[in-house]
Amino acid sequence: MANTAQARKRARQNTKRRQHSASQRSMIRTYLKRVDAAIQSKDYEAATAAYHKAVPVIDRLADKGIIHKNKAARHKSRLNKAIKALQA
C-alpha cells in the first residue's frame, strides 16, 4: 500500500482514471454492438445511421488514447465493409 501522501494521491487518481477509461471502453462497445445488430437484421438504413453515430465516438476515444488508432481504423473499416455489403 502507498506510504507517502504523494503515493496515496497517485493511487486515488489511478483508480478514478481506470474507472473512467473502463466506462469509455464500455460505451464504445455499446455503439459497436448497435451497428452489428443493425447489420445482422439486414437493415441498411438503421446500420448506416448507427455507423454515423459510432464513428465520432470511436475517433474521439482513439484521439484520447483509450483505444489504439489502428484498432479504431480497423473497427470502422470492417463495419463500413459490412454495411456496403448490405447495400449490394
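Student: Let's start with charge. How far apart are the mean positions of the positive and negative charges?
Tutor: They lie 16 Å apart. The chain carries 22 positive and 5 negative charges. Keep in mind that this is a predicted model.
Student: OK, and the fold? How many helices and strands?
Tutor: Three helices and zero strands. Along the sequence the pattern reads α-α-α.
Student: What are its dimensions along the principal axes?
Tutor: The C-alpha trace spans about 65 × 20 × 15 Å. The radius of gyration is 18 Å, whereas a compact globule of 88 residues would have one near 12 Å.
Student: What share of the residues is buried?
Tutor: Buried residues are 24% of the 88.
Student: Back inside. How many residues does the largest nonpolar core have?
Tutor: The count is 19. Val35, Ile58 and Ile67 have the most contacts inside this core.
Student: Which elements give two or more residues to it?
Tutor: Helix H1 (5-40), helix H2 (44-64) and helix H3 (69-87) do. H2 gives the largest share, nine residues.
Student: You mentioned Ile67. What does Ile67 touch?
Tutor: Leaving out residues up to four places away in sequence, Ile67 touches Ile28, Ile58, Leu61, Ala62 and Ala72.
Student: Last one. Of the contacts with a separation of 6 or more, what share comes from residues 24 or more positions apart?
Tutor: Such pairs account for 59% of those contacts in the chain.

Note on methods:
Residues are numbered from 1 along each chain as its sequence is written. This is a predicted model: local features need pLDDT of at least 70, side-chain atom pairs count only at pLDDT 80 or more; totals for chains, interfaces and linings use all residues. Side-chain values use heavy atoms; hydrogens and water are left out. Helices (H or I, at least four residues) and strands (E, at least two) are DSSP runs, numbered from the N terminus. The radius of gyration is taken over C-alpha atoms; the globule rule is 2.2 Å times the number of residues to the power 0.38. Buried means under 20% relative accessible area, exposed over 50%, partly exposed in between (1.4 Å probe, protein chains only). Contact means heavy atoms within 4.5 Å. Lys and Arg count as positive and Asp and Glu as negative; His and the chain ends are not counted. The place of a charge is taken as NZ of Lys, CZ of Arg, CG of Asp or CD of Glu. A nonpolar core is a set of buried Ala, Val, Leu, Ile, Met, Phe, Trp, Tyr and Cys residues joined through side-chain atoms within 4.5 Å.
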